[in-house]
Amino acid sequence: MKSNLSYLKKLELFKELDDYKDDQFFAVADQRVKNHLPQWISFSPNIFWLKQPEEEKNLEVFGNAVEFFLKQGICRSSTIYAIGGGATTDLAGFVAATIQRGVPWVAIPTTLLAMIDGSIGGKVAVNMPQGKNLVGAFHLPERVLICGDFLSTLSEKEWMSGKGEVLKYGFLSREVHDLILSKAPIEEIALACAKHKSQVVERDFKETGERINLNLGHTLGHAFESTLKIPHGHAVAMGLRYLFKVTGNDEALAEWEQLAKALTLPVEKLELGAFFHFDLKSFLDYLDHDKKKSGTTLRLVIVKGIGNCYTEEVVLKDFKAKICAHADFKSS
Ligand SMILES: NC(=O)c1ccc[n+]([C@@H]2O[C@H](COP(=O)([O-])OP(=O)(O)OC[C@H]3O[C@@H](n4cnc5c(N)ncnc54)[C@H](O)[C@@H]3O)[C@@H](O)[C@H]2O)c1
């Protein structure tokens, strides 16, 4: 059940990959990282390239990828490599979970978000018209090869998204919290986040207990992501901030400010006032359909202290009333 994490420099990664340089090297890869990769991968006929990974994370492209690999002669002993951000690793992992009833896969995450979250933990999926990640499987990668050198070409938007998710780990892990505040190099912080998630997943693979805490900030986060059309990690950072505001958790809010500043997140872009088009009704409707809701309650992850979180069922109606009564939402 162990997810095998390694941190490598680019040359070390290339050396590892060179060992698999044969007609049995199969990969799903994001076109955008082509220039980062050794030339033999760019020219390999066994790579299923993605141009717009999030748009292509669907059943149709999943089917095309499966057909492609079968035509290329993939067999049960083959391994599929996933090279890209979280959308690429989600799609590739799902292909690996289903081809010939499951072949091994190796994740090579290339965005900060995928390095600390998306590629770790074996939740693999595609999106459906009815919502994100609705068809998928639990299929752990054999290895996760983290190489910080990929980060050099990330756009500002993707940096912000990754750092938003790092902020969450600052509440879940004392080690990550202290690394952020001491302004450690982002690669070191990323590795600590990845290790934290990996250890939690090892103890609770199917998310029946402690893994639920990894959803901290995601209830409001998903509602922001859907209604404001902003990247996932950006929405998680806002989800955390407004969770603390709405529940009156002033201590956690003060920590949030400190962590966000240390991560050089643009705090002004993480408040509702920055969005002219916020639609409160759609936001509240989204909470009604949140998949963690059971009946009339909603499951929230609450921060008691750093590294000390727990889940609480709250009455949806009361929680929505608190949101509506909050000054920031009132003035939106
Ligand atoms: N399975 C999980 O546990 C889990 C957890 C969190 C998120 N996710 C999924 O991950 C996805 C979000 O992850 P993401 O933000 O990495 O998305 P992504 O894969 O769409 O990547 C974001 C953008 O960055 C580009 N990109 C990738 N690597 C790059 C690089 N090195 N330099 C420049 N650009 C690069 C991509 O082409 C894309 O445009 C969502 O689909 C989400 O559902 C999954």
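A polar side-chain atom of Lys57 lies 2.9 Å from an oxygen atom of the ligand, which makes a polar contact (a pair of N or O atoms within 3.5 Å). This is a predicted model, in which local features need pLDDT of at least 70 and side-chain atom pairs count only at pLDDT 80 or more, while totals for chains, interfaces and linings use all residues. Residues are numbered from 1 along each chain as its sequence is written, and side-chain values use heavy atoms, with hydrogens and water left out.

**Ligand contacts**
- A polar side-chain atom of Asn133 is 3.4 Å from an oxygen atom of the ligand.
- The backbone of Gly118 places a polar atom 3.3 Å from a nitrogen atom of the ligand.
- On its own the ligand has 860 Å² of accessible area (Shrake-Rupley method, 1.4 Å probe), and the protein covers 89% of that area.

**Ligand shell**
- The ligand is surrounded by 24 residues (a heavy atom within 4 Å), and the closest are Asp30, Glu54, Thr111, Lys123 and Thr153.
- By class, the shell comprises six nonpolar, eight polar and 10 charged residues; Gly counts as polar, and the charged class is Asp, Glu, Lys and Arg.
- At least two shell residues come from each of α3 (53-56), α5 (86-98), α6 (112-118) and β7 (131-138), where helices (H or I, at least four residues) and strands (E, at least two) are DSSP runs numbered from the N terminus.
- The element that gives the most to this shell is α5, with four residues.

Definitions and conventions
A polar contact is a pair of N or O atoms within 3.5 Å; within protein, one must be able to donate a hydrogen and the other to accept it, and residues adjacent in sequence count only if both atoms are side-chain atoms.
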